[in-house]
Every structure is written in structure tokens, then in C-alpha cells.
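Student: Hi! I'm new to this one, could you walk me through it?
Tutor: Happy to, let's open it up.

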Amino acid sequence: MKKEMTEQDALYKLTSLCATGEYCQQDMLKKMARWEIADDAQARIMAHLVKEKYIDEERFCRAYVKSKLLYNKWGRRKIEQSLFQKRIPAEISTAVLDDLCGEMSAEILRPLLESKVKTIKANTDFERNGKLIRFALSRGFDMDLIIKTIKEI
């Protein structure tokens, strides 16, 4: 028989979780729903987490964008979509993406395409470029940046 989690237990678990990493409100709400915490208790817990700065959407967004850019090598579009799914407000995500994605995207895309071009089997430049474009688009990069980078390499 599973012990039911109390509001205090959930608050303790979530505060310790937030102290070790960055989370958004959506992540915490999903966890509480899984633990079957009542809606009014969820609202109180979220209010506490936000008030005490355990959860800060902009701080989460900055950490998330940096992580996806540097480690996952994602482009702006893919990160934008992911933040939308996490229900990060557009004002926050757009500002952070404008701040962080500009130059970094080109710095990330170039080595990605340079390594990818070595593995592509194509008979013509047109075919090779088409494969590079599809690859870069699947990573979430903008078409203008992709074309510019392909021309450079």
C-alpha cells in the first residue's frame, strides 16, 4: 500500500529538487499531478516556490537555452518550440533567445555542418546541400543562417 504524499512532503521534496537544479513551473506542476496533490495545495506550493525564488522562469529559460545550445547543439527554432511546450511566456523566451542565440548559432552550426559534410554520400553539390539543409533544419536552425554557412564551407 502506497503512502499518500502530504502537502508538506511535496513542498519539502520540490524545494530540495529546486535547490539542486533549474526547473520551470510546468515541470513542478507535472510532478505534483503525478503525486496526486490537490489543486489548491498545488497553487499554494507553487506560490511558495515562486515567492522564495526556488522557481524563476527567466533564470530557468537562460539555463535551458544555454544548455540546449552548447550541449545539444540545437538551433533557435527547436529551442523555441521546446520552451513553448514548457509553457514559458513568450516575452521571457523571446528576450532570452534574442540575447543568447544570435552569434552563438553561427558558431555552433558551422562545426556541425563541417563534420556532417564528411559523412554525406551525394553525387552532386545540389544533393549534398539539400541533405545539409535538411539536417540543419531538423536541428532547429534558421534557413538564412544555414544557406550562409553552407556557402562559407
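Tutor: One term before we start: buried means under 20% relative accessible area, exposed over 50%, and partly exposed in between (1.4 Å probe, protein chains only). This is a predicted model, where local features need pLDDT of at least 70 and side-chain atom pairs count only at pLDDT 80 or more, while totals for chains, interfaces and linings use all residues. Residues are numbered from 1 along each chain as its sequence is written, and side-chain values use heavy atoms, with hydrogens and water left out.
Student: OK! Is Ile 147 buried, exposed or partly exposed, and why?
Tutor: Ile 147 counts as partly exposed because its relative accessibility is 32%. Ile 147 sits in helix α8, residues 143–152. Helices here are DSSP runs (H or I, at least four residues), numbered from the N terminus.
Student: New topic: which residues of α4 are buried?
Tutor: Glu 57, Phe 60, Cys 61, Tyr 64, Val 65, Lys 68 and Leu 69 are buried in α4. They are on the same side of α4, because they cover an arc of only 150° around the axis. That arc is taken from the directions from the helix axis to the C-beta atoms.
Student: And what covers them?
Tutor: The cover for the buried residues of α4 includes α2 (25–34), α5 (76–85) and α6 (90–119). Contact here means heavy atoms within 4.5 Å.
Student: What about α5, which residues are buried there?
Tutor: In α5 the buried ones are Arg 76, Ile 79, Ser 82 and Leu 83. Their directions fall within an arc of 130° seen down the axis of α5, so they line one face of the helix. Phe 84 and Gln 85 are exposed, on the face turned away from the buried side of α5.
Student: How many salt bridges does a search of the whole structure find?
Tutor: The search finds 15. A salt bridge is a side-chain nitrogen of Lys or Arg within 4 Å of a carboxyl oxygen of Asp or Glu.
Student: Which residue does Glu 22 pair with?
Tutor: Glu 22 forms a salt bridge with Arg 59, and their closest N and O atoms are 2.9 Å apart. Glu 22 lies in the loop between α1 (7–20) and α2, and Arg 59 in helix α4, so the pair ties together parts 37 residues apart in sequence.
Student: Where do Arg 110 and Glu 114 lie?
Tutor: Both lie in helix α6, 4 residues apart, about one turn of the helix.

Key: Helices (H or I, at least four residues) and strands (E, at least two) are DSSP runs, numbered from the N terminus.
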